[in-house]
Amino acid sequence: MTAHTSLPRRAAAELIGTAGLLAIVIGSGIQAAELSRDTGVALIANSVASAIGLGLIITLFGPLSGAHLNPVVTLTAWWSRRTGGDGLDAREALVYTAAQTAGAIGGAVLAEAMFGRTPGTFATQVRDGGHLLVGEVVATAGLVLVIQGLGRIGRPRLVPAAVAAYVAAAIWFTSSGSFANPAGTIGRSFSDSFTGIAPESIPGFVAAQLIGGILGLVLAGLLYGSSRSPRPAAVETRTLSEAGPVDGVATDKAAYETIG
């Protein structure tokens, strides 16, 4: 990343993007549960809406902030900076994480309000058990591997579609339903709905997500090597040109690091 927008604008993009993501995930879950008593049908509707919405949000906000929408993805960007690659410094990572968490809570409250429910009601759906935590480790590791892998093989523009597809699949193939996002997990605790999670289940899920993030980074390193190798100048120039101006400055946000 050679140039970028101001930190306040990037933080605003992360806040709004994460709020939009949670409004989509929770809102589609509420709508699906109201329209069908069949859990399978409701999950299909929720997963499709979540995947489509996520892909659109990444495409829209990626050029501004990278569209992390997820503290785990932000931490991988911070780690990349520490190991000599492009990424975020500690202050930026902290601001991103705070914005994502605030956005997730705001998005949950908005979703509840849209459907005439009482905003701010905590979820009562307890999600515990070791098998669910294993599912969260797998879901988060896979998410990080998809993002890191595409970035390291030089195909970052596939990230919006690839992440959306992965999230849609992971909602089905993981036992936990693939929260894979600490901010999103906190936000979902503010909705006593189909997609909610009781506050007492948050610590275990967040710990599993952090472990999954580390595992994803390790796997990306083993499979694709270090992310510190600079790209050829010709490739860099083309990417910056295609990215377009933001705040009057050409911005390379092609990594589009994000999450579900």
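A contact here means heavy atoms within 4.5 Å. By that criterion, among contacts between residues at least 6 apart in sequence, 80% join residues at least 24 apart.

The model is predicted. Its pLDDT averages 87 over the protein, and 85% of the residues score at least 70.

| Element | Residues | Mean pLDDT |
|---|---|---|
| helix α7 (highest) | 182-188 | 98 |
| strand β2 (lowest) | 249-250 | 33 |

Over residues 229-259 the pLDDT is below 50. This stretch still has 79 contacts in the model beyond near neighbours in sequence.

The secondary structure comes to nine helices and two strands. Of the 260 residues, 50% count as buried.

The largest nonpolar core has 29 residues. Leu21, Ile26, Leu54, Leu143 and Val163 have the most contacts inside this core. Helices α1 (7-35), α2 (39-65), α4, α5 and α6 (159-173) each supply at least two of its residues. In soluble globular proteins, nonpolar side chains tend to be buried together.

Arginine 127 sits in the loop between α4 (90-114) and α5 (130-152). Arginine 127 is buried yet has no salt bridge. The nearest side chain of opposite charge, glutamate 136, is 8.1 Å away, whereas a salt bridge requires the charged atoms within 4 Å. A polar atom of the arginine 127 side chain does lie 2.8 Å from the backbone oxygen of glycine 196. Beyond residues up to four places away in sequence, arginine 127 touches Leu132, Ser176, Phe179, Phe194, Thr195, Gly196, Ile197, Ser201 and Phe205.

Note on methods
Residues numbered from 1 in each chain as written. Heavy atoms only, no water. Helix = DSSP H or I, 4+ residues; strand = E, 2+ residues; numbered from the N terminus. Buried < 20%, exposed > 50% of the residue type's maximum accessible area, 1.4 Å probe, protein only. Lys, Arg positive; Asp, Glu negative; His and termini not counted. Polar contact = N/O pair within 3.5 Å; in protein donor to acceptor, adjacent residues only side chain to side chain. pLDDT = per-residue confidence, 0-100. Core = buried A, V, L, I, M, F, W, Y, C linked by side-chain atoms within 4.5 Å.
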